[in-house]
Structures are given as structure tokens and as C-alpha cells.
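Keep the viewer open as you read.

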Amino acid sequence: MKKIIYTGFLLLAFIMSSCSDFLDKEPYEDPSAETIKDEASAIAMTNAAYQPMQRPKLYNMRIWALDIVAGNSEVGAGGGDDGIETIQLANFVAGPDNFAAIDLWRGPNPGILYCNTVLENVPEMNINEEIKNRCIGEAKFLRASYYFSLVQLFGDVPLSLTPSKPGDDLFPVRVSKDKIYNEVIIPDLLDAIELLPRREDYSSKDLGRASKGAAAGILAKVYLTLGQYKECIEMCNVVEGFGYVLNPDYSDCFGGEDKHKNTAESLFEIQYYGLTKADFWSDENQACWLSTYMGPRNSGWVGGGYGWNQPTQEFVDQYEPGDLRKDKTILYEGGPLFDGKPYKSTMSSTGYNVRKFLVPLSISPDYNTNSASIIVLRYADVLLMKAEALNELGSTTDAEEPLYNVRKRAGLTDRSDVEGLSQEQMREKIRHERRIELAFEGHQWFDMIRWDNGQYALNFLHSIGKVNAQKKHLLLPIPQKEIDSNPNLKQNPGY
């Protein structure tokens, strides 16, 4: 039994295995039951648990495309049926057959399986205790992250804490999201904080692995989502204690050069090494797609250039005068040159394209050569979470400092803009700041559906003309294919 489970798993895991870094290892000659109880095998199994995050079902496409659903941008693309699944979501007409919903439902499941495989087998291995603890901590961090995505998107979901085996129930029921938060997500992240190394304790070849700071930062976001503001502040303080700082320049966080990866501001990011021969849609593809998708369509400016994720005029109008982030986030006519080239409003149906993730041809000449990371969590987010939690507890004056620190880097240095505000004024200021600071990084949808129990999302969407948006749309539909194959799955209300 275990030989079958291990061997099948390791054939996938070795895709991830590396000598130079943990994304690029040579496979072992014999991934059999006799060779899987050593340190290298524990690491290989753990490496595999990261890989589903890299795929288009999650961060390489579907997660960032949620900014389109949130109203920051339009699909753009090539017209017709190009991106139709995202257009359906963004127009709130998607049903249970929507391809994006299917991807987001299925995307975390391989990662959860791989994490469960690590957690079932690594604790019993007779290997270096430091490596064992790290692997267990990484698996718990990743499992919590996968489930956090699922419960935010779908609400109650099936729960699996062990690898699937013959004889297991093939028709699991949906488990309360509260149970998953309280019995899996929060305990896993607390354990991960204890077990993982600090970021600084990793060698250069292991940079990008989950760390204590990453676990504390994600847990802060979990607590904020649950409205547990005191606990959120405590976790934000833990992150601060680990020495994270804002990069001097906003654009230092993004780009295809090594200096932009795993910076002092980064708590956790999805790693790619580029230079892969895998097919564009392959699960083994090791290239970041953000530049490929978001570059102006047919411009020849970046490898690919499909013209997706075009910012709306309403979004662009939210920039305050003097906000340095505008020129580093948005391509607009009259703005700074990109790689020596002027932008024209005719390059997009809205007049704008996203700039912050674009990598010039001199660094990444094709769709499969971009080694840029996709940032999941950075310190600016933590500062804004702390400001929000403080304000919600009534400590509005204390919220000024973390909010100001984020704005100061953006060139908004007048402290009076954040001083003397009422709680409601501060709340709106922080929400505005999150939208601008974290634009197109896949956070806005998750923020909108947690604010005011989702009423904020509905009010905003209606204000920009998305009148189809209803309460049911705060959760995605359970894919009909999954319901057809599992009679115990019940659809979300309204679909």
C-alpha cells in the first residue's frame, strides 16, 4: 500500500527536486519504497507540495484574475471567447460550469494531498531533526494556505487530513468553514510558526521556502478575515519582530531580475526559475505568466503580450496626486517610457495596461523564460492589516503610524492626511490604501467579501455598474462536474 502511494507521489515530487535551489533538483534513480525514508526523499516530498501554487489553477492565473472580478480591471485579451470564464465571473453571470470556478476548486487539492503525504510519513522518518521539523512546518503552512483559499472562495468544503487510500470514502461531504479554520488552518499555522526556520536561517539555495514570518503573516490575515483583531495585531507584531522592512522603492518588489526576488519586504512568494521547455499549460511549466498575460497585446514589448487585466478608468482615478505608485503600476499615455518605448492609450480597450509585473524582452524574451516570482504576502500588507485591526478595535490614533509608513514610501508624506480621522474615516482610508498598494496582486476580491460581511463588495460593484452582483456571488459555485461525481456535495445557495 505505502509503496504505491509513495512511488506515485515521488514521480510527481521529483519534478520539483534541486542542487542550486529547491525548484531545480535532479531526480533520483529509483523512487521506490526502499529509498523514500531518507532526508532527500522527505525534502522532495515537501517540494512537491509547493508546486500546485505555481500552476494556472492558482497563482499563475486564477488568483490574480480575481482583481478583474473585483472591478479593478477588465479582461481585455483578444475578444470573443478569449477569457470568457473570467468575463462571466466579472459580470456575475457564471454558473456551476464556469471553467475558472472549476480550476479554483480543483487547484488546491493536489497540494493538500502532497501536504498530507508529508505529514503522514515524515514524522516517522529517522532523519535529521532540523530537516524533519522544517518539512513538517512547510507542509502545515502550505496545507493551511490551500484551505484558506478554498474556504474564502467556496465557504464549506470537503476536508481531508490524510492521503487517500483504497477503501476511503469517495463521496466526502462539505465541512463547515468554521471547523476548517479552527481545527486545521489556525492550528497548522501556529505549528508552522514553531517548526519553521526564520527567513535568515535559510541558505541561498533554499530561499523562498516558507518561514516563521510567512506563517505569522498568513495567520494575521486569517485572524483579520475572521474579525479576530487582537490576535491579528499580535501576529503582525510577531512579523515585525522578525525584521521585515519595506523596500526603499515600490518597484523593488516586482520584476524579473534576481534583485526583485525574496527581498527584505517579501514574506512569501511563488518561485519560478524560467528557462523551461514545458508546454505553456503544463503543470510542470516553471515560468511566471504575469508579464506574458498583462503586457500590451501584440506590442512586442514582452514575451507574449496577451493584453489581459486592463485597469479601468474608475480604478486609475483613485490615485491621489503625487502617488508614486501610479507610474510603477499602470501604463498610461504620457506616463514614463517602458523599456524606452512610449505607451499609447490605443494599446488597450480601457486606455491602460498593468505595468508593475512586466519584464522586458532583454530579461525574458519568451513566455517560458520569465523567472519572476508572484508575491503572496509582503510587509506592506502586514502594516495595513495592523492598521485595520487597530482601527476596528477603536485605536484609531495607533493605526496612523503603520498606515503612514506605507503611504510615505509612495511619496504621500503629509502626515495630516492620516491624523485626526474618525474611525469611519480611517476605515475608508485604509481600504483605499489596500486597493492601491496591493493592486493586481490578487487581494482585492478577498478584502471586499470580508468587509461588512460582503455588503461592501455588493455596494461597490453596484456603484460601478455591475448590477448583476448578488449576495450569492460572494461565494463561487461548486462545479457541477464535482456534484455529478459526488452526490454528497451540495451547491452553494442561489446557483
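1. Start with α14 and α16, whose crossing is left-handed. This is a predicted model, so please read each point below as a description of that prediction. In it, α14 covers residues 379-392 and α16 covers residues 423-437. The two helices pack at an angle of about 165 degrees, and their axes are 10 Å apart. Angles over 145 degrees count as roughly antiparallel, and α14 and α16 are therefore roughly antiparallel to each other.

2. Which residues make the contact between these helices? From α14 come A380, D381, L384, M385, A387, E388, N391 and E392. They meet Q423, M426, R427, I430, E433, R434 and E437 of α16. Sorted by class, the contact has seven charged residues, six nonpolar and two polar.

3. Now to the open spaces. The largest pocket has a volume of about 730 Å³. Its lining is made up of 25 residues, and if you want to find its centre, look for N109, P158, S160, S164 and P172, which lie nearest to that point.

4. Which helix gives the most to the lining of the largest pocket? That is α6, with five residues. Besides α6 (108-121), the elements that supply at least two lining residues each are α5 (99-106), α7 (129-154) and α19 (480-485). The lining of this pocket holds 14 nonpolar residues, along with seven polar and four charged ones.

5. The second largest pocket has a volume of about 530 Å³. It is lined by 17 residues, and nearest its centre you will find K177, I449, N453, L474 and L475. At least two lining residues come from each of α7, α8 (177-195) and α17 (444-450), and α17 gives the most, with three. Eight of the lining residues are nonpolar, five are polar and four are charged.

6. The largest cavity has a volume of about 290 Å³ and is lined by 22 residues. Y59, F148, Q152, K221 and V376 are the ones nearest its centre, so they make handy landmarks if you cite them together with the probe idea: rolling a probe the size of a water molecule over the atoms shows where empty space is left.7. Which element gives the largest share of the lining of the largest cavity? It is α7, with five residues. Two or more residues also come from each of α9 (212-225), β6 (374-378) and α17. The lining divides into eleven nonpolar, six polar and five charged residues.

7. Helix α7 supplies at least two lining residues to the largest pocket, to the second largest pocket and to the largest cavity.

Definitions and conventions. Residues numbered from 1 in each chain as written. Predicted model: local features only at pLDDT ≥ 70, side-chain atom pairs only at ≥ 80, totals over all residues. Heavy atoms only, no water. 1 Å grid on protein atoms, 1.4 Å probe; cavity = no way out; pocket = protein on both sides within 12 Å on 5 of 7 lines; lining within 4 Å. Points joined across faces, edges and corners; volume = space filled by probe spheres on them. Helix = DSSP H or I, 4+ residues; strand = E, 2+ residues; numbered from the N terminus. Nonpolar A, V, L, I, M, F, W, Y, C, P; charged D, E, K, R; others polar. Axes fitted to C-alpha atoms, helices over the stretch in contact; angles between N-to-C directions. Parallel < 35°, antiparallel > 145°, perpendicular 65-115°, else oblique. Left-handed = near helix turned anticlockwise from the far one by under 90°. Contact = heavy atoms within 4.5 Å.
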